[in-house]
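Subject: Handing over a structure, with notes on what was found

Dear colleague,

I am passing this structure on to you, and I would be grateful if you kept it open while you read the notes that follow. They go through its features topic by topic.

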Amino acid sequence: MKKQLKQCINLIVLLLKLIVYFLVFWIFYRLYAIENWQMLVRNRTSAVTIISYLISGYLFLNIYGSYDVGKRKSRPIIISLCLASVMTDLVAYIMLCVMNTNENNNETFSLDQPWLLIIIFILQAIVIELGVYVGNWIYFKIYDPERCLIVTSSQRSLDEISKSVRKYRLQYKICRNMDYRNENLRDTIQKYDTIFVYDVPIKERTQIVEFCYQNMKNVYINPEMADVVERTSHHVMLDDVSLFELTSLGLRAEQKALKRFFDVVISGLALIITSPLVLVAAIAIKLDDGGAVFFKQNRATRGGKIFSVYKLRTMKENVDNYLSVVDDDRITKVGRILRRFRIDEIPQFLNVIKGDMSVVGPRPEMLANIFNYTNDLPEFEYRLRVKAGITGYAQIAGKYNTSPKDKLVLDLMYIEEYSMWMDIKMIFQTLIVIFKKDSTEAFANESEARYEKYYDKVYPGEAK
């Protein structure tokens, strides 16, 4: 009975998804059809507009995320769908204007009723918000949170993973935690739906995962270096032997050339488009404390090459230089606004033009941080296999205070899975960062910001 009920809920969620997608499309199409009668009959204009909407809609949903209620919180889903809708509307609108450029309408290309896009987006946002909240409400009204067991190696690791899991209370309920060396671990695993295996040595982690698979348990693991490399492996057969081929040759010559061309074009356009914004920010910085507008600091890029990165200054002059912390009094009033919306990063496009950076790539860390991180994580130097970037996977998926190891894993995933399509997706996804309240979340204290290493007290029994 319960299984049939869940299947019924899945069908309801699917129906809601289709209704939301249809209404978002219908709002755009029907409102523009008021002044464009040709969209209401079968002709080339209606066909091109519909096809361009469907194709661009599919691509932007692929970039930003779809109507995946039950898997994500409502706000991230709403942001994803709204951004996908705005981008899709713009593409379809431009195509409609192109189709209207003919002897029967506009003799030259012009933007017809651009103000209508604002009304359309407001109506679409209302539909999306209602559809997402109703969908998640129905889903979690029926589905109970998964009963979870956390398997880890220390109190610090337990605190880290518990903090993240507890943010998803509707999806997961932490019922117990246990040290991976506990002799009763296997018996305990069988009592729970989902197992989180965090910061456990690879050998023991593999054994736990195999046991979970054998007993049909959902399992989450934090990736290590070997996991990142295996993601890009290719299956090959040597005679009748099955093997995975692991290669790490970096970007090919043609990829480097295309990426460089892409960087120069994007950076040139970005500097032109954002120049008024930079001018306003520069005036605000000057009026705030009368100090220098720009900030320059040595960073490392591909091959360990040292270069000077350019930013708009967001901190007071002549202060200690380390990563920002909560309630950091070094940050100016204007600086807080610039950091919140990443406006201080705009001058880095000059670094891209110079060839020191790329639009997409690992964040250019301070030299002291590279030294400290590499001492604890020798793999950290692998980030220097490509140019540093203005935006990247670690900046989009992570936060400002994400741990060095987690940032490293995200950056290595980008390096190993690089493609031009991935760069394009990252550029569009950077818009999401502006709407993430915790994207600029600072470190808790100066010790963490300076990466002053402290060691865990390891519990041989169950973590408390």
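At 7% relative accessibility, does Asp356 count as buried or exposed? Asp356 counts as buried, where buried means under 20% relative accessible area, exposed over 50%, and partly exposed in between, with a 1.4 Å probe and protein chains only.

Before going further, please keep in mind that this is a predicted model, in which local features need pLDDT of at least 70 and side-chain atom pairs count only at pLDDT 80 or more, while totals for chains, interfaces and linings use all residues. Residues are numbered from 1 along each chain as its sequence is written, and side-chain values use heavy atoms, with hydrogens and water left out.

**Overall picture**

The protein has 464 residues, of which 45% count as buried, and its C-alpha trace spans about 80 × 70 × 55 Å along the principal axes. Its secondary structure comes to 16 helices and 10 strands; these are DSSP runs numbered from the N terminus, with helices being H or I of at least four residues and strands being E of at least two.

**Salt bridges**

Across the whole structure, a search finds 14 salt bridges, each being a side-chain nitrogen of Lys or Arg within 4 Å of a carboxyl oxygen of Asp or Glu. One of them joins the side chains of Asp423 and Lys259, at 2.6 Å from N to O. Because Asp423 lies in helix α15 (residues 420-435) and Lys259 in helix α9 (residues 253-289), this pair ties together parts that are 164 residues apart in sequence. Asp423 is buried, with a relative accessible area of 0%, and Lys259 also counts as buried, at 9% relative accessibility.

Another salt bridge brings together the side chains of Asp328 and Arg330, at 2.5 Å from N to O, and both of these residues are buried. To return to Asp356, its salt bridge with Lys354 has the closest N and O atoms 3.8 Å apart; here Lys354 is exposed, with a relative accessible area of 52%, whereas Asp356 is buried.

**The parallel sheet**

Four strands form an open sheet in the order β2-β1-β3-β4, with parallel pairing, and two strands are taken to pair if DSSP finds at least two bridges between them. The edge strands are β2 and β4 (218-221), each of which pairs on one side only. Strand β1 (residues 146-152) runs parallel to strand β2 (residues 172-179) and is joined to it by seven bridges, with Val151 standing opposite Met178 in β2. Strand β3 (residues 194-197) likewise runs parallel to β4, to which four bridges join it, and the bridge partner of Thr194 in β4 is Asn218.

Together, β1, helix α5 (residues 155-165) and β2 make a right-handed β-α-β unit; right-handed means that, with the strands pointing away from the viewer, the path from the first strand over the helix to the second runs clockwise.

**Aromatic rings**

A search of the whole structure finds 14 aromatic pairs, for which rings of Phe, Tyr and Trp (its six-membered ring) must have their centres within 6.5 Å, and planes under 30 degrees apart count as stacked, over 60 as edge-to-face and the rest as tilted. Tyr139 and Phe140 form an edge-to-face pair, 5.2 Å centre to centre with 80° between the planes, and Phe140 is buried at a relative accessible area of 17%. The rings of Tyr373 and Phe380 have their centres 5.0 Å apart and their planes at 70°, so this pair is edge-to-face; Tyr373 counts as buried at 4% relative accessibility, and Phe380 is buried at 3%. There is also one aromatic cluster formed by Phe25, Phe28, Tyr29, Tyr32, Tyr53 and Tyr93.

The charged end of Lys73 sits over the ring of Tyr168, 5.2 Å from its centre, and Arg340 lies over the face of Phe341, at 5.4 Å from the ring centre; a charge sits over a ring if NZ of Lys or CZ of Arg is within 6 Å of the ring centre and within 35 degrees of the ring normal.
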